[in-house]
Amino acid sequence: MTRIFNDPAVFADEALQGFCDLHADLVRQVDGGVVRRRRPAQPKVAVIAGGGSGHYPAFAGLVGRGFADGAVVGNIFTSPSAQQAYSVARAATSGAGVVFTYGNYAGDVMNFGLASERLAAEGIPVANVVVTDDIASAVPSETDKRRGIAGDFTVFKIMGAAAEAGAPFDDVVRLGRKANSLTRTIGTAFAGCTFPGAAAPLFAIPDRQMGLGLGIHGEPGLLDTAMPSAVDLGHELVARVLAEKPDGGGNRIAVILNGLGSTKHEELFVLWRTVAAQLREAGCTLVLPEVGELVTSLDMAGVSLTVTWLDEELELLWAAPAETPAYRRGALSAAVDGTDADDPAESAEPLRTVVPDSTTESREFAQHCVAALETARLTLHEAETRLGDMDAVAGDGDHGRGMVRGIDAAFNAAVLAADNGAGAGTVLAAAGDAWAAKAGGTSGVLWGAGLRAFGETIGDTSVPSSAVLVTAVQSFTDRILTLGKAEPGDKTMVDALLPFHRTLTEAAARGTGAFSAWEQACRAAAGAAEATAALSPRKGRARPLAEKSIGTPDPGATSLAMVSAAVVRRFTAPAPSTAHSTAS
């Protein structure tokens, strides 16, 4: 387990700081992650990899010449926020466009997508290359639903080499997507991984068994099976990967035998004996194979096998030189990079905070909004472990921690906005922006965007009536549905949100007072959240482990019900205004 840490909540931040200090000759830290120490002397496509922490050397360890220009670094197993992705891209861009590349997870897709929209609005060419190599996470006819795991490394390497060689923007994107379409991975776990400060692993595997089809975010395998010998394991992994040889795949392949965090190199070498022999027996020519830890999962004991079928142009890029803190291949020509460059976001003159006009009534109600967020904050801190445990049954166990990070950031931003004289709508919008920026992940972007929409509807001119509160909840709901694209029955927060919204709307239409209507809606949300235990997830990281999820309520639906119940009195029955508590 992870033993060296201070405050678990800042483990990822402190690890990144230490990494950047150690490798200051190659990388520099910027808001949201790291970029190459020096900008290119000539404009080139910036390849930006990213995802949650806990996968070293992915993603920060792969920043350097011949590989990535930057890495966006989220919290452990949590997708980085849209703000983080935007900040890293702005720091890394050199005038030829930005290509984000990452594994296929809902939070990453949403956050990198939002960052891309912002960059595009500023006139910066931008594209996303999503990695979908995990053959265990969806059937061949649904490759768009597959997760990205160790195949990230191959795709990133090929794109980075293309960009380093001066390939134009469209070619870098094309080559990345081509590499992904020709990459397949299967993995297995022998023991779960443990978050810093946690008392137990995210999942346990029965003695003398392994979990076939693991994810790299601490998700357990899809199937527990008897632990085989190294020879039998090698046969199993090779057979499963080769069974998915893509149309047009030749005989020359890039191969990665990847350790997940606690599997010793000697063990990998023993397994490689069988893997290499089996691949060669199948007629494959192995091109510069890699055996070691390249995409890990904290301290998980496990291994994955990745194969990328190469054609002439992909092979040249796979074999091209690279120099990063964690990976070096071949000899690069004399450096042609420019001088050290400041982060544009850091060097720009700070923007003045502009607080929109508001009424005294709205500013007084803003204090109740701050108090509502503080109550929600206390509720989520108390429930952090429970929510994490629920999420770990079939997901990555980060929901509790992500919600706590989000509500802490939202509360502190709300306090600051209220102290600056903002009205209620602006206070809630600021809270939403901070939630999205600091929490990351799927829940971060959804709660952040939803809270902003709620605040924009409340406005800064008056205390909201019952009708306005209903409309604000409608705005919150619409934003969640638009961004998340979940439907009832998918086993997400939507399964609690829609009953909450429907019950509130119907009660208000009957003339029920705001407090009573909201209480009724809270009961409906709580009941609906509990009822998700019977559902099989159709979206998110729990989807590949659908059967294991049955019997456990959805953590996103559960946390939504908790928050809605926590804020009812402050939103619907405001007492005379009182000063907020001290931010922490």
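At what angle do helix α16 and helix α18 pack, and how far apart are their axes? Before selecting them, note that this is a predicted model, in which local features need pLDDT of at least 70, side-chain atom pairs count only at pLDDT 80 or more, and totals for chains, interfaces and linings use all residues. Residues are numbered from 1 along each chain as its sequence is written, and side-chain values use heavy atoms, with hydrogens and water left out.

Start with the whole protein chain, which holds 19 helices and 17 strands (DSSP runs numbered from the N terminus, helices being H or I of at least four residues and strands E of at least two). Its C-alpha trace spans about 75 × 55 × 45 Å along the principal axes, and buried residues (under 20% relative accessible area, 1.4 Å probe, protein chains only) make up 59% of the 584 residues.

Next, select residues 514-531, helix α16, together with residues 555-566, helix α18: they pack at an angle of about 160°, with their axes 9 Å apart (axes are lines fitted to C-alpha atoms over the stretch in contact, and angles run from 0 to 180 degrees between N-to-C directions). That angle makes α16 roughly antiparallel to α18, a term for angles over 145 degrees.

Finally, show the side chains of Trp518, Cys522, Ala525, Ala526 and Ala529 in α16, which meet Ala557, Thr558, Ala561, Ser564 and Ala565 in α18, contact meaning heavy atoms within 4.5 Å. The residues of this contact divide into 8 nonpolar, 2 polar and no charged (Ala, Val, Leu, Ile, Met, Phe, Trp, Tyr, Cys and Pro count as nonpolar, Asp, Glu, Lys and Arg as charged, and the others, Gly among them, as polar).

How values were computed:
Angles under 35 degrees count as roughly parallel, over 145 as roughly antiparallel, 65 to 115 as roughly perpendicular and the rest as oblique. Buried means under 20% relative accessible area, exposed over 50%, partly exposed in between (1.4 Å probe, protein chains only).
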